[in-house]
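Please read each numbered point with the structure in view.

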Amino acid sequence: MLTKVHSKKLGELCSIIDCEHKTAPTQEEGIPLIRTPNIGQGRLILDKVQRISESTFSKWTRRGEPMPGDLIMAREAPVGNVGLIVSGQRVCLGQRTVLIRVTSDELDPAFLAYLLNSPTVKGYIVLLSTGATVGHLNVTDIRKLSLPPLPPIATQRKIAAILTAYDDLIETNKRRIALLEKMAEEIYREWFVRLRFPGYQNTKFVKGIPEGWEVKRLDAILELAYGKALKEADREAGKFYVYGSGGIIGSHSKALVENPGIIVGRKGNVGAVYFSDRGFFPIDTVFYVVSKLPLTYLFFLLRSMNFINNDAAVPGLNRKQAYSNQFFYPGIELITKFSNLISPIFDLKYQLQQQNENLTKTRDLLLPRLISGKLSVEHLDIQTPPSMTP
């Protein structure tokens, strides 16, 4: 049984609970700008993050520079998600986010991040959100948020250490996946863009193009098939991912496409290309690829295409326009060699993704049991992971 202290409001345990009301100007390189899509459940998501300059960072952090150990909460979709700034991260807050800095010795910041993301507390936070169309959290309500009775600080740190160990493994696997993707893309570029494929030294080039290569349109090698509408209310959570133009948007018990495949954004995120290692359900904002050629080759070919938005009001990809894209077709023999070389990389990537799914499920099962005290950690000797050290 955990020894508990009296419940307190979040504002009593923090020196900063504040937000930024302006949108910062962004650029290609620089300091990550954390918007609501960049806030996961416990960690920040820095993939495809927007960035700002040093001068903008100085202006936007005059009231308080985010530091390792601080939390960032999403005020709008997804309402209430909380990410912890870990060691080595230097970030700036975007609109609709809140900076939370714990200064009380009664509360561990990492524990607070997991507490706020736990089902019970997260559900209450969502109920606090207001707005007819988009849920919205007020900073005042966040400050007044009543926390459940807290276990002793030593117990909090043990709980946070256990859950952080899972998140650290997940992050390590994500970095490995990113390296594998970069490696595979570099091989594609070396063979089919720089034209330094196996045997290129002994190949005759005509006007800079390898002899035997053909100019083809995209529709000569594949079909862009339409996805099917599937409202969120009609989805039954299952083992098949649901893909929209922004990537994975949920799961379903049935697959529209039974085998691994490629998804191309049609509405919204035009021309975005995703690879599914298993059967999947593409909704009506995307195309999926039908072809006899290896998916590993088609994936990188499609990512190299210049898909044009043909709708000024709502970004959209016209299929006829997409088919008109031309490329140099190298022949099935070289494509097969490439696929044979790349497939083990994709297999390893899939294994790491499976590991992350299992780690995430285990962490999410442990989270409410640890937070509630149903699983006691008071007598465990647990070392603090390096990522919890500011």
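1. Phe 299 is buried in this predicted model, because its relative accessible area is 6% and the cut-off for a buried residue is under 20%. Its ring pairs with that of Phe 275: the centres are 5.7 Å apart and the planes stand at 80 degrees, so the pair is edge-to-face. Phe 275 is buried as well, with a relative accessible area of 14%. Phe 275 belongs to strand E16 (residues 273-276) and Phe 299 to helix H6, so the pair ties together parts that are 24 residues apart in sequence.

2. Tyr 188 and Tyr 297 form a tilted pair, with 6.2 Å from centre to centre and 50 degrees between the planes. Tyr 188 lies in helix H5 (residues 153-192) and Tyr 297 in helix H6; the pair therefore links distant parts of the chain, 109 residues apart. Both Tyr 188 and Tyr 297 are buried.

3. The axes of helix H6 (residues 295-303) and helix H8 (residues 332-372) come within 8 Å and cross at roughly 95 degrees. Angles of 65 to 115 degrees count as roughly perpendicular, and H6 and H8 are therefore roughly perpendicular to each other. On the side of H6, the contact is made by Thr 296, Tyr 297, Phe 299 and Phe 300. H8 contributes Ile 335, Phe 338, Ser 339, Ile 342, Ser 343 and Phe 346. By class, the contact of H6 with H8 has seven nonpolar, three polar and no charged residues.

4. Phe 287 is found in strand E18 (residues 286-290). Its relative accessibility is 0%, so Phe 287 counts as buried. Once neighbours within four places in sequence are left aside, Phe 287 is in contact with several residues, among them Leu 224, Tyr 226, Ile 262, Val 264 and Leu 317. The contacts of Phe 287 also include Arg 266 and Arg 319. Phe 287 and Ser 343 are 56 residues apart in sequence, and their C-alpha atoms are 23 Å apart in space.

5. An open sheet of five strands has mixed pairing and the order E1-E8-E5-E6-E3. Its edge strands are E1 (14-19) and E3, each of which pairs on one side only. Helix H2 (residues 109-117) packs on this sheet and touches E3, E5 (71-74), E6 (82-84) and E8. The direction of H2 makes about 160 degrees with that of E6. E1 and E8 run antiparallel and are joined by five bridges. Ile 16 stands opposite Arg 101 in E8.

6. Two backbone angles deserve attention. Most residues other than glycine have a negative phi. Lys 48, although not a glycine, has a positive phi of about 55 degrees. Lys 48 is placed in the loop between strand E3 (42-43) and strand E4 (50-52), and at 74% relative accessibility Lys 48 counts as exposed. Arg 96 has a positive phi of about 65 degrees and is not a glycine either. Arg 96 sits in the loop between strand E7 (92-93) and strand E8 (97-102). With 39% relative accessibility, Arg 96 counts as partly exposed.

Key
Residues numbered from 1 in each chain as written. Predicted model: local features only at pLDDT ≥ 70, side-chain atom pairs only at ≥ 80, totals over all residues. Heavy atoms only, no water. Axes fitted to C-alpha atoms, helices over the stretch in contact; angles between N-to-C directions. Helix = DSSP H or I, 4+ residues; strand = E, 2+ residues; numbered from the N terminus. Parallel < 35°, antiparallel > 145°, perpendicular 65-115°, else oblique. Contact = heavy atoms within 4.5 Å. Nonpolar A, V, L, I, M, F, W, Y, C, P; charged D, E, K, R; others polar. Buried < 20%, exposed > 50% of the residue type's maximum accessible area, 1.4 Å probe, protein only. Pairing = 2+ DSSP bridges. Phe/Tyr/Trp six-rings, centres within 6.5 Å; stacked < 30°, edge-to-face > 60°.
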